[in-house]
Amino acid sequence: MAWRRGLAKLYSSTGRVYELGTSSHYTQARLGQKQNAILKYHQLQHKATSDPPLDRDFMAELWVWDNKEKKARARIIDNKRGSHKASGNQHGGRGFSGKPFTPEDNAHCLDYSTLKQPPLSQPMTGYLKPATPEEVQIAPLLARSNLLITRDIEWANLALGFEQENRYAIMDVCYPQSPVGFIREQSNVIARQLLRSRRPFVASITDASGHELFRVRRPFWWITSSIYAEVNGKEIGVVHRRWHLWKRVYDLYLGNKQFAVVENPGFWYWTFTLKDIDGNVLAEIDRNWRGFGFEILTDAGQYVIRFGSTDSSSKTGLASEIQELEVAHPLTLSERAVTVALAISLDNDYFSRHGGWGIPFFYVSE
């Protein structure tokens, strides 16, 4: 019967747990508990045999016993982890054979789960083939057809009006299981409270493992803003905002050469299209509506950067429903880094208007 097979499985797992103790004194200390486990199994089996309906008391007793076994198993595994760490330190990180310890050697007792970078959704050929060491560094993040950038909720800003550093998560819509990168602002706390969206800051763009790929630097501005993209301290491009009474106009440069322009009609139009000198579409940034509560009370915006067609092998699941953007030619990796800088600048120029709803911030000095 099913319940008897379940009890037998519980008994066999109990035996395996106690077999984990390899030292003689540890095993002797557990012999009494093992005998109690065997006795408990026979008691449960007898009770179940005499009571076929399996009443609630029996199931509750079985559940309590199963929880005890789980806790005992967890304690033994913790002890095993400690012994492995101690032996690794004692022998300088090497086994008795002289071979260094590896995650595979201790996979049975240690959790080596790490966040891996999702595969690319566009092949690095043609325009996407890295031409410089800087492009090789940023390729794992930017060789993708669509990037979804989501800004975190700033709870101190929402409750107290205290301006915090902006943080974003970057997703590849073809692989939504895990992020492909993160963006984190670094700025002065006093400048954030006094200058708000005009404050100077540096933002680090990292991959999923936290390794910095490039930075964007945005100096203080008064009338029009600028933001620079840098890789290993080397400036690769810049975005300049052009003043207009109602339009949102940006010029994008790679070095000293302009490669795209954005002319948004303004007001409630939240699509920013990058075009070349001939008016051909190169890429597009869409600011998504996240809901009434998000838009009214927070600055937690969401942006989709569309770079063009996707590799057909990566279009699985919901990604197959995404409408592709037709572009004149794909942007290079360096141009895509400048486009990410533009998305950050858009968020700070037009969509970071909250703060000061709660307790104001005061700075007191001697």
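## Charged groups over aromatic rings

In this predicted model, the charged end of R248 is placed over the ring of Y350, at 4.4 Å from the ring centre.

## Aromatic pairs and their cluster

The structure contains five aromatic pairs. One of them joins W270 and F351 in an edge-to-face geometry, with 5.4 Å from centre to centre and 85° between the planes. This pair links distant parts of the chain: W270 belongs to the loop between β9 (257-264) and β10 (271-275), F351 belongs to the segment after α8 (333-350), and the two are 81 residues apart. Both W270 and F351 are buried.

F351 also pairs with Y303, again edge-to-face, at 6.0 Å centre to centre and 65° between the planes. Because Y303 lies in strand β12 (residues 302-306) and F351 in the segment after α8, this contact ties together parts that are 48 residues apart in sequence. Y303 is buried, as is F351. A single aromatic cluster is formed by W268, W270, W289, Y303 and F351.

Side chains of opposite charge can pair when their charged atoms come close. Across the whole structure, 14 salt bridges are found. Among them is the bridge between the side chains of E163 and R199, with an N to O distance of 3.6 Å. E163 is in the loop between α5 (155-160) and β2 (167-172), and R199 is in the loop between α6 (189-195) and β4 (201-207), so this pair connects parts 36 residues apart in sequence. E163 counts as buried because its relative accessibility of 3% falls under the 20% cut-off. By the same cut-off, R199 is buried, with a relative accessible area of 2%.

D349 and R218 form another salt bridge, in which the closest N and O atoms are 2.7 Å apart. The pair links distant parts of the chain, with D349 in helix α8 and R218 in strand β5 (residues 212-218), 131 residues apart. D349 is buried, with a relative accessible area of 1%, and R218 is buried with a value of 1%.

R306 and D286 form a salt bridge whose closest N and O atoms are 3.9 Å apart. R306 lies in strand β12 and D286 in strand β11 (residues 281-288), so the bridge ties together parts that are 20 residues apart in sequence. Both R306 and D286 are buried. Elsewhere, salt bridges with shared partners join E163, E185, R196 and R199 into one network.

Definitions and conventions. Residues are numbered from 1 along each chain as its sequence is written. This is a predicted model: local features need pLDDT of at least 70, side-chain atom pairs count only at pLDDT 80 or more; totals for chains, interfaces and linings use all residues. Side-chain values use heavy atoms; hydrogens and water are left out. Rings of Phe, Tyr and Trp (its six-membered ring) pair if their centres lie within 6.5 Å; planes under 30 degrees apart count as stacked, over 60 as edge-to-face and the rest as tilted. Helices (H or I, at least four residues) and strands (E, at least two) are DSSP runs, numbered from the N terminus. Buried means under 20% relative accessible area, exposed over 50%, partly exposed in between (1.4 Å probe, protein chains only). A charge sits over a ring if NZ of Lys or CZ of Arg is within 6 Å of the ring centre and within 35 degrees of the ring normal. A salt bridge is a side-chain nitrogen of Lys or Arg within 4 Å of a carboxyl oxygen of Asp or Glu.
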